[in-house]
Every structure is written in C-alpha cells, then in structure tokens.
Amino acid sequence: MHVVATAGHVDHGKSTLVRALTGMEPDRFAEEQRRGMTIDLGYAWTEVAGRTLAFVDVPGHERFIATMLAGLGPAPAVMFVVAADEGWRRQSAEHLAAVNALGLQHGLLVVTRSDLADPADAVTEAQARISGSSLGSVPAVAVSGRTGAGLDELRTALAGLVVRLPPPRTDGRVRLWVDRSFTIRGAGTVVTGTLGAGTVRVGDALVLGGRTVRVRGLQSLGADRSEVAAVARVAVNLRGVEVEEVGRGDALLTPEAWPTTAVVDVRLSLQTGEVSDLPAELVLHAGTAAVPVHVRPLGATTARLTLAQPQPLEPGDRLVLRDPGRHAVAAGAVVLDADPPPLRRRGAAAARAVALTTVGAADPAAALADQVRRRRAVRAPTLTALGVPTTATDRVKVSGEWLIDPDQWQAWQQALGSALDEQAQAQPLDPRLTLDAARRKVGVPDRDLLLAVAQAAGLAYGDGRLSRPGATTDLGAAEAGLAELTAHLTASPFGAPERPDLDRWRLGAAELAAAERTGRLVRLGPDVVLLPTGPAQAMRVLAALPQPFTTSEARQALGTTRRVAVPLLEHLDRRGWTVRLDSGHRQVRGR
C-alpha cells in the first residue's frame, strides 16, 4: 500500500478529486457535505496500476491548518491541488510551507477545474513555486473532477509517483500516530493512523500514554487483518481502552523502544527572518500531535525546543512550528538530539550551537563517544531508542550492554579502591564493602557493572563483598587476646573458653567474626570457638569410637562440655562428615 495526502487551498477540489479517483466519499460528516467544505481528515482508497493507493484528504481552510498538519505529517507523499480558474492562493502557499517544513520530497501537482479555465497559467505558476520547496520539480496533470477529463493521466502519474517512493522499513519498532478514535458496538475503541514503519500484529502489546495496551483486532482498507506492515492506513481495535482515553496526537509505541522527551535540539528552516525573530511561544506539530513549545535560539540555524508534553521523538524527525496567532507556519525543524545536555553555565548555548553544527558530520565512533561522554555511562539500548547508532565502539569502554566513557571507567576504578581504603581505616575489623555500599560510594549505576569495574581494578569479591586482595584483619589491641585464646585451644583443642575469658581477652563478637573471616578461628556459636584444626581433630577422635555413638559418648571422648559438644557435632553434620540417625545417634560417614 502507498499513502498520499492532499494539499491545497480551500475549495480547489481536493475532495472532489479523491471522490472521482476512488468512488468513495472522503467527507464523513453531514456538515462537510452540506457546506461542501472539508472540516476534518478524510480517507479513501483505490487501485492504480495494480497498486493500492490510500488518500488522506486534508481541509484547506486556514482555520483548520492544525488538522491539515495532522494528516500531512505522517504521509510520505503529497498530491498538491490548485484550481485552474483561481490559480495560486493564500492557503496554497500555506500548505506548501507545511510541505517544505516537513521535508516531503515526493509529490505531484494536479490542476483541477480545467473545464472552467485554461490550466496552463496555473500549472506554470504552481510549478515555479513548488520548485523552490523540498518537493523540487514535480510533474503536473490537468483534470476535471466534474467531467472526468485527465483522470486516466492522473492515475498514470500517481502510479509513477508511488514507484519512486523509498521502500518502507517493516521490521523494528512501531510508532503509530493516532489521527482518529471512535467506538464500534461490540468491539470497543478503535484508533486509526498512517503506519510509516514496522509491523503491527493482533495480540501485540503497545504503549499508549505510558501504559501497556493490547491489540484486539486490525483492519486495513476495510478488511480484517492479522498483521499490517508499513506503509499503510490501519485501524487498531484496542482492548481495555475507553474512547475518551485516546485521541488525535497520541501514539501507539513498541514497549521500551520509544523514550519520550520534552526537550529537543533542532535545526530550523525559516520561512522568513532569523531564528532570533521567532516568537518564544509556538505550537509544535509532530506526526499528528500539536504541542505548545518554548523556543530558545542557540545559533543561526539551531534552537532548543521545550515541549509542554513529552513526545516520542528521535533524531531526523521532521517537525513544523506554527504561529497560532497568525495561523501560519513559522518554521520547519529537524530533530538533531532528542536527549540534549542541560545548558546551565554562561555561554553554554553558544557552545551547544557549535557542537550541533557537527551533528551528522562526525565519524560514527566520535559521535558515539560524545553521546557516552555526556552521560558518563549509558546502556546501548537507551541510545538506540534515542536514534543514536551504537555499533562504532572504538572510543568507548564496553561492558555487557553498558557503554562507558574511558575517563569515567578509570575514575570508577580509582574511587572504588579509595572507598575500600577508607573502609579499612574506619573499620579495621571488616575492611570489606557490600556491593550496595560500594555502588553508593562510587556512583556506579548497576551491580554487574560494579563487578566489572572491581575486576578491572584487581579487587577481590566473595560472600557478597568487595575487598583488596590479601587484605588482612588487624584486631588491634585484641591481637594479644587472640594469642592467649590460640594458646589455650592449642593446649585444650575442645576446651572453648566461656564469655568471661573472652571479655578478659577483649574478644567481642566483632573481633571473633573478623578472626573467623580470616581463617584464624572457627565459630560454632556466638561464644563457642575452636581453632581451624579443631573439627578435623574431633573427627579423628570420633572415628575411633564404636559406631554409632551418642552425644554423651562423643562429649566424653572429646573431653569437653555439652556446651561445646552439641554445636561441634552439628557443625560436623553440616559439613557432611557425620550423619545423625533417626535414633538420635550419630556415626562417622562411611563407617
């Protein structure tokens, strides 16, 4: 399918022409038919030379320029209409300004009412004016919607027009700008739009206004479809959406593929004057959306636009800036950056203008490095969703899906080492950092990324904590007490001292935990400790007992108390060295 929008002055026969080509009535409302004037967007389709052509018929009156832009914005081609008996008029120029602002490059001039006047003068003037726009030189056809003269030639010209259109992208993400919403009894809410890229399927999950909705059904040109690929006019039946919740200017988006933005940097194409002459408050038209916008000039051809409501925009999108007071197009705009840096310092706007002059001209690696440098670190899918290519990674650090500025990568390594040194100084009994604590101190945005930074810095990771390799725990004043404890347990391997002795040796819970962590003790309970060799020594004693044995028999063989024997036997059970039987007895595994 190919989609063509109409354009031209009010009452120059756009709807009559569409009606004559398709046999369908584009004016849907009784008021439009009564007044003979298009008020809202109209839709019709036909077959031309074996190709399906869908027309979006736009109103020509100046009061409906916003509606005209909603129909023209998503269309890839335009059929520009001028009446032979009236020639070029004010809204002809206004619609051409919109076409030029949108950067449309595929079009056709149709001079209507050629039965009422010689079309030659109208053709000459219109082609001259159109040639100065983005359309350039266009073919012209003179027709009469009333008599049918020239319609065959027009069909041939339309077939030639659509052949020249670039092939659409039918894979990847979807952005369907809604131009109409209504309800159908038994089906619910239906929205329509021109699908410019991608494919929509029944059952798809899409995002509408920040929430996920489901495609219940699809139609294209009045026929039910299981899927519709670009370019196409499509009607989407949405499940669980009230008609009041969606309307013209909304967009159906592929989930997690279209970040919205309220600030964009753009390159402007002005109708007249300088960027500094533009009013500060205008209306931005993107797709079918119309949003109030604040304009901040940056350079001779660039500006920053702040939108009243965020929109799903990407670099390369063509926008129209309209002056609502004059009912006129003020400028066209091309999005250069959909996530620009803040302008906080004096001179930042001028510096940004200089930077924008190189957008699209820098080599891909340099462009990507600049985008990453601004953010320090960013996930590749985030930049992809913003329209930034992420394949040229020569000048950035790559870790998983993360792209990191090389200077930031080094800074993180240094900061992580310093954070561990500070921890060791503040907490000598535990010089380690949990991953969450390290992330907070260093500012690394992701756990896996933090581990990659730690590995690059040569740090150790274990038990959910980071440390310097070979870090030792100095018990300070308690070192002497630990020596006393070690001597005591060397002489009596299972004679674990009680709390008063530990307190006398200044061995509190923190000191015992630190000693255990560094392999100098084994804790069987809060105040029950042995040397690391204690469990193996106990196994040699227990293996010599008749099997199985009772807890009392083990206690007596070990020469210790029940306070030590019970947690020691449980420790050996956990290690799998002994087995507790249903009778309550134990035996050495394998005996």
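How many positive and negative side chains does the protein have, and how far apart do the centres of the two sets lie? There are 67 positive and 63 negative side chains, with 5 Å between the two centres. Keep in mind, as you look around, that this is a predicted model.

Let's turn to the overall build. The protein contains 18 helices and 32 strands. Its radius of gyration is 38 Å, well over the 25 Å that the globule rule gives for 591 residues, so the protein is more spread out than a compact globule. Along the principal axes, the C-alpha atoms fill a box of roughly 120 × 60 × 35 Å.

Here are some whole-protein percentages in one place.

| Quantity | Value |
|---|---|
| Residues of the protein that count as buried | 49% of 591 residues |
| Contacts joining residues at least 24 apart, among those between residues at least 6 apart in sequence | 66% of contacts |
| Accessible surface belonging to carbon and sulfur atoms | 48% of about 26,900 Å² |

The largest nonpolar core has 58 residues, and Leu72, Ile130, Val236, Leu238 and Leu252 touch the most other members. Helix α4, which spans residues 90-102, gives the most to this core, contributing six residues. A second, separate core holds 39 residues, including Ala251, Leu282, Leu313 and Ala380.

Setting aside neighbours within four places in sequence, Ile130 is in contact with Phe80, Trp88, Leu96, Leu109, Leu135, Gly136 and Val138.

Technical notes:
Residues numbered from 1 in each chain as written. Predicted model: local features only at pLDDT ≥ 70, side-chain atom pairs only at ≥ 80, totals over all residues. Heavy atoms only, no water. Core = buried A, V, L, I, M, F, W, Y, C linked by side-chain atoms within 4.5 Å. Buried < 20%, exposed > 50% of the residue type's maximum accessible area, 1.4 Å probe, protein only. Helix = DSSP H or I, 4+ residues; strand = E, 2+ residues; numbered from the N terminus. Contact = heavy atoms within 4.5 Å. Rg over C-alpha atoms; globule rule 2.2 N^0.38 Å. Areas by Shrake-Rupley, 256 points an atom, 1.4 Å probe, with all protein chains shown as cover. Lys, Arg positive; Asp, Glu negative; His and termini not counted. Charge placed at Lys NZ, Arg CZ, Asp CG, Glu CD.
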